[in-house]
Amino acid sequence: MPYSPSTGRVLLVGAGPGPADLMTVRAMRAVQGAQALLYDALVSDEVVALAPPGCVRIQTGKRAGRASMAQETINRLMLRLARRGLTVVRLKGGDPSIFGRVGEEADYLRDRGVETEVVPGVTAACAAAAQFDIPLTHRGVARRVLFATARTEGGRLVDVDWSALADGQTTLALYMGRGAAGQLAGQLIADGLAADTPAAAIENAGAPSARRVQARLDGLAEALGAMDAQGPVLILIGEVAARAGDAGAITPVPLARRS
Ligand SMILES: C[S@@+](CC[C@H](N)C(=O)[O-])C[C@H]1O[C@@H](n2cnc3c(N)ncnc32)[C@H](O)[C@@H]1O
């Protein structure tokens, strides 16, 4: 269907890592002006509460034991609401362009004539880094930062040629990596990254409840086990992780001296 002025539009909005004061002003205004709000599990109640009375609120992610909605269902729902002439806000944790399927959703809507706009957000890696005084890049120490995820199938890492990432001057920001962290650490070490490369895992980055553990790369899986996180966890691997401040530290695992 071609877009017409009577058709609504869809804003694909990053809610940031949780607290409303880590949203952009543009994102906040989008939520305050929403007529329909479709939000993911990682979007906080505080942010959802910014939607005006009368706004249709639909939770699309896994929360309180409920299953997540299939992507195709979400796409069709956004389309239907926009075709009713509503301003639809599709709200995602962090930044919608980082492991947020924003490209898929925008393509789906634009192919069907619906106007879309993307509003960026503070991604978990930036929130974690800021909260614990970890610069993601640091002159002479970390020249690159890489946003990545790690998935295993049958106990083996899939998707990425990790050998290219075993680089002492790269900060690796690992999303959804808790389960695969041990495998990944072993692979990076096998590919040449020092076993004592610093790593930090941050739970609930950005929130007052944030917690962090610090470990060497070869002790990352153990540290994550001891952390026993209940919330989302972001892992930073690289020399800059050794600079983490003390706030929110739990079960500290001392970093060994570099030889
Ligand atoms: C599907 S990805 C979405 C990432 C999101 N678009 C972003 O930019 O932060 C979900 C993963 O992001 C990470 N994550 C999201 N919010 C987080 C937070 N507040 N603290 C720590 N990690 C977080 C976790 O690794 C979680 O499993």
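Helices (H or I, at least four residues) and strands (E, at least two) are DSSP runs, numbered from the N terminus.

Before I go on, a word about the model. It is predicted, so local features need pLDDT of at least 70 and side-chain atom pairs count only at pLDDT 80 or more, whereas totals for chains, interfaces and linings use all residues. Residues are numbered from 1 along each chain as its sequence is written.

Back to β12. Five of its five residues are buried, so the strand is largely enclosed by the rest of the structure. Which strands pair with it? Strand β9 (residues 170-175) runs antiparallel to β12 and is joined to it by three bridges, with leucine 172 opposite isoleucine 237. Strand β10 (residues 198-203) is also antiparallel to β12, through five bridges, and here alanine 201 faces isoleucine 235. For pairing, DSSP has to find at least two bridges between two strands.

Now the ligand, where β12 turns up again. There are 22 residues around the ligand, and the closest are Gly94, Thr123, Ala124, Ala205 and Pro232. A residue is near a molecule if its C-beta atom, placed from the backbone, lies within 6 Å of it. Helix α5 (124-131) and strand β12 (233-237) each supply at least two residues of this shell. How does the shell divide by residue type? Its residues are 13 nonpolar, seven polar and two charged. In that count, Ala, Val, Leu, Ile, Met, Phe, Trp, Tyr, Cys and Pro are nonpolar, Asp, Glu, Lys and Arg are charged, and the others, Gly among them, are polar. And where does the ligand sit? Domain 1 (9-119) and domain 2 (124-243) both give residues to the shell, so the ligand lies between them. The domain bounds come from an automatic or database domain assignment.

Over to helix α1 (residues 25-32). Ala27, Ala30 and Val31 are buried there. They cover an arc of only 95° around the axis, which puts them on the same side of α1; the arc is that of the directions from the helix axis to the C-beta atoms. Val25 and Gln32, on the other side of α1, are exposed. The buried residues of α1 pack against β1 (9-14), β2 (36-39), α2 (45-48), β4 (87-92) and β5 (115-119). Contact here means C-beta atoms, placed from the backbone, within 7 Å.

Two loop residues have backbone angles to look at. Arginine 101, in the loop between β4 and α4 (102-111), has a positive phi of about 60° although it is not a glycine. Arginine 101 is partly exposed, with 17 other C-beta atoms within 10 Å. Aspartate 133 sits in the loop between α5 and β6 (144-149), and its phi is positive too, at about 55°, although it is not a glycine. Aspartate 133 is exposed, with 12 other C-beta atoms within 10 Å.

Note on methods: Buried ≥ 20, exposed ≤ 12 C-beta atoms within 10 Å, placed from the backbone. Contact = placed C-beta atoms within 7 Å.
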